[in-house]
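Here is a short walk through one structure. Keep the sequence and the 3D view at hand as you read.

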Amino acid sequence: MTTIKIAGVPEHFNLPWHLAIENGDFEKENIDLQWTDVPEGTGKMCQMLRAGEADIAVILTEGIVKDIVAGNPSKIVQVYVESPLIWGIHVAAKSNYKTLADLENKKVAISRLGSGSQLMAYVNADNEGWKTDSLQFEIVNTIDGAVEALTNGTADYFMWERFMTKPLVDKGIFRRIADCPTPWPCFVIAVREEVLKNDSVLISKILKIINQTTEDFKDIPSIDKTLALNFHQKVEDIQEWLSLTHWSQKPLSAKMLNKVQNQLFQLKIIDKKGTFEDIVKIV
């Protein structure tokens, strides 16, 4: 048995991994795939890859591209979710903010520096024609930290995946003002270079198993009810989410990588661009 450590957010996108692990699909190939939930998200997973605490991360495209350009010794081996991530823009339910325009020059809660919640705040500001260099951030680590920050006023708004945040909207804790979809596929699979060098056949097997699982995922009987139960969601919200979400079994294309890097560069999130070979490895 070879042990491989994998990290991802505790969200509905990653249920296929848990099903494949529970099903013993990796074990059959002599792979002990050890999953770690990372509620702090992409910024934290980038640190884990750098420190060797994770071999693989299922991670936001923009976050890992930024970190690889900044020296993270990892490569993107595949797109995991092809569809955009729909970021809900949330305020405290009792706040006076009613429209997106009200949030200009206001403080945004982010999980950590380099996280999707920070990078998408830049994308949203750019979409709205706001000055991106005057954005102010409050680091809150997790969604619970964001609830605290918005409720006590240490931050004004918070961007997080719309469906995962919906229970907080339903409970009257947050109010969703708008949505901001990513302009690219949302999740990719990244692997540490050292692991790719030593165990590329193993990584190839892992991808084959997860791709088989995601290909058939929507056809699993009552998968909507399973997801709703596991993630404390309403079945109709999960059904809408399933209709909008498309998993991928393909590598990241050079064209899409250019699109991501060009936008990150334009927003001054990265100060240089990496080559396709620097960032992507097809196994």
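How much space lies in the largest cavity? The answer is about 120 Å³. This is a predicted model, in which local features need pLDDT of at least 70 and side-chain atom pairs count only at pLDDT 80 or more, while totals for chains, interfaces and linings use all residues. Residues are numbered from 1 along each chain as its sequence is written, and side-chain values use heavy atoms, with hydrogens and water left out.

A cavity here is a set of points, on a 1 Å grid over the protein atoms alone, where a 1.4 Å probe fits but cannot get out; lining residues have an atom within 4 Å of a point. Grid points are joined across faces, edges and corners, and a volume is the space filled by probe spheres set on the points.

The structure holds 2 cavities of 30 Å³ or more. Start with the largest. Its lining has 16 residues, and Val-9, Glu-11, Leu-60, Trp-87 and Trp-160 lie nearest the centre. Helix 2 (42-51), helix 4 (116-127) and strand 8 (157-161) each give two or more residues to this lining. By class, the lining has 7 nonpolar, 6 polar and 3 charged residues.

Now the second largest cavity. About 60 Å³ of space lies there. Its lining includes Glu-104, Lys-106, Trp-130 and Gln-136. The classes are 2 nonpolar, 3 polar and 3 charged. (Ala, Val, Leu, Ile, Met, Phe, Trp, Tyr, Cys and Pro count as nonpolar, Asp, Glu, Lys and Arg as charged, and the others, Gly among them, as polar.)

Turn next to the sheet. Five strands form an open sheet in the order 2-1-3-10-4, with mixed pairing. Strand 2 (31-37) and strand 4 (74-81) are the edges, each pairing on one side only. The twist averages 25° from one strand to the next. Strands are DSSP runs of E, at least two residues long, and helices are runs of H or I, at least four, numbered from the N terminus. Two strands pair if DSSP finds at least two bridges between them. Strand 1 (residues 2-8) runs parallel to strand 2, joined by 7 bridges.

Finish with two helices. Helix 8 (residues 223-230) packs with helix 9 (residues 235-244) at about 115°, their axes 9 Å apart. Axes are lines fitted to C-alpha atoms, for helices over the stretch in contact (heavy atoms within 4.5 Å), and angles run from 0 to 180 degrees between N-to-C directions. Among the residues in this contact are Ile-223 and Leu-227 of helix 8, and Ile-238 and Trp-241 of helix 9. By class, the contact has 7 nonpolar, 1 polar and 2 charged residues.

Technical notes. 1 Å grid on protein atoms, 1.4 Å probe; cavity = no way out; pocket = protein on both sides within 12 Å on 5 of 7 lines; lining within 4 Å.
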